[in-house]
Amino acid sequence: MNAIDASKPAKVADRVYASIKQMVISYDIRPGQQIPIEDLAEHLLVSVTPVREALNRLLNDGLITRRAARGFYNRDIDLKELTDLFQLRGSLAISAFLFVLRSDMRQQIPDLLQQARQGGPNKGPLPICATMINALGNREMLRIYNNIIDKIHFVWQIYAASEQGAQDIAAYRADLYRLLTEQDLAGCIDVIDRNIKNQVNALESTIQHGLGLLFSQSPPFPRNAATMA
């Protein structure tokens, strides 16, 4: 039972949103499955009001869908959409690197790389692209980047856990650290392009593997998923 502490009403909605968002992007609520509002409220020990608010926020984020007169549904896993998102992620990374390496911010590169290496509390290294975008202070660019990360979360985790994916990511990070230190913009762009191509080429098999994992076991939530078809 993932109870939400209702002792701080101002923050209840945000915590409900975060909890449901994690279920959605991890596909604890399966692709294309209707999202049961009452069951979610019972699961989180809250009223249906913050659940509805959270679902409307997730709808605005593009993380779930809504069908007329039928309610909210989790997003399907779509190859074309994911391909576009991975390519857009690469374009954002290139834009961030262009700005950093062509401005006075290039002097901050050693510090930014150190931040990426250190990561956050109890976390591994931070994505270099996210570190660069965050340093730019462009909230809209960071919002778009984080939204893409949420939408590709499920397939990205599967790809990163695979042997080939882990090797590709390790090589990508090593190359970028070296090229950023050398302030080699053209080299960085080539590495980003190659990384995105690797991920896109692996998408179809990654999706198939992910769907196999999802439907080979009982869904973590909701327990009465069969009634939600």
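Axes, as I use the word here, are lines fitted to C-alpha atoms, for helices over the stretch in contact, with angles taken between N-to-C directions. I note also that the model I consulted is a predicted one.

**Entry 1: the helix pair H4 and H6**

I looked up how helix H4, residues 79–101, lies against helix H6, residues 128–136. Their axes come within 9 Å and cross at roughly 55°. The crossing of H4 and H6 is left-handed.

I then asked which residues of H4 meet H6. From H4, I listed Leu92, Ala93, Ala96, Phe97, Phe99 and Val100. Their counterparts in H6 are Ile128, Cys129, Met132, Ile133 and Leu136. By class, I found 11 nonpolar residues in this contact, with no polar and no charged residues.

**Entry 2: the surroundings of H6**

I next looked up which residues of H6 are buried. They are Ile128, Cys129, Ala130, Thr131, Met132 and Ile133. I traced what these buried residues pack against and found four helices named: H4, helix H5 (109–118), helix H7 (139–161) and helix H8 (163–181). After H6 comes Gly137, and I noted that its phi is positive, near 75°.

**Entry 3: Thr83**

I returned to H4 to look up Thr83, which lies in that helix.

**Entry 4: the whole chain**

Reading along the sequence, I wrote down the pattern α-α-α-β-β-α-α-α-α-α-α.

I looked up how much of the chain is buried: the figure is 45% of the 229 residues. For the accessible surface I noted about 12,400 Å², with 51% of it belonging to carbon and sulfur atoms. I also checked the contacts between residues at least 6 apart in sequence, and 69% of these join residues at least 24 apart.

Technical notes: Residues numbered from 1 in each chain as written. Predicted model: local features only at pLDDT ≥ 70, side-chain atom pairs only at ≥ 80, totals over all residues. Heavy atoms only, no water. Helix = DSSP H or I, 4+ residues; strand = E, 2+ residues; numbered from the N terminus. Buried < 20%, exposed > 50% of the residue type's maximum accessible area, 1.4 Å probe, protein only. Contact = heavy atoms within 4.5 Å. Areas by Shrake-Rupley, 256 points an atom, 1.4 Å probe, with all protein chains shown as cover. Axes fitted to C-alpha atoms, helices over the stretch in contact; angles between N-to-C directions. Left-handed = near helix turned anticlockwise from the far one by under 90°. Nonpolar A, V, L, I, M, F, W, Y, C, P; charged D, E, K, R; others polar.
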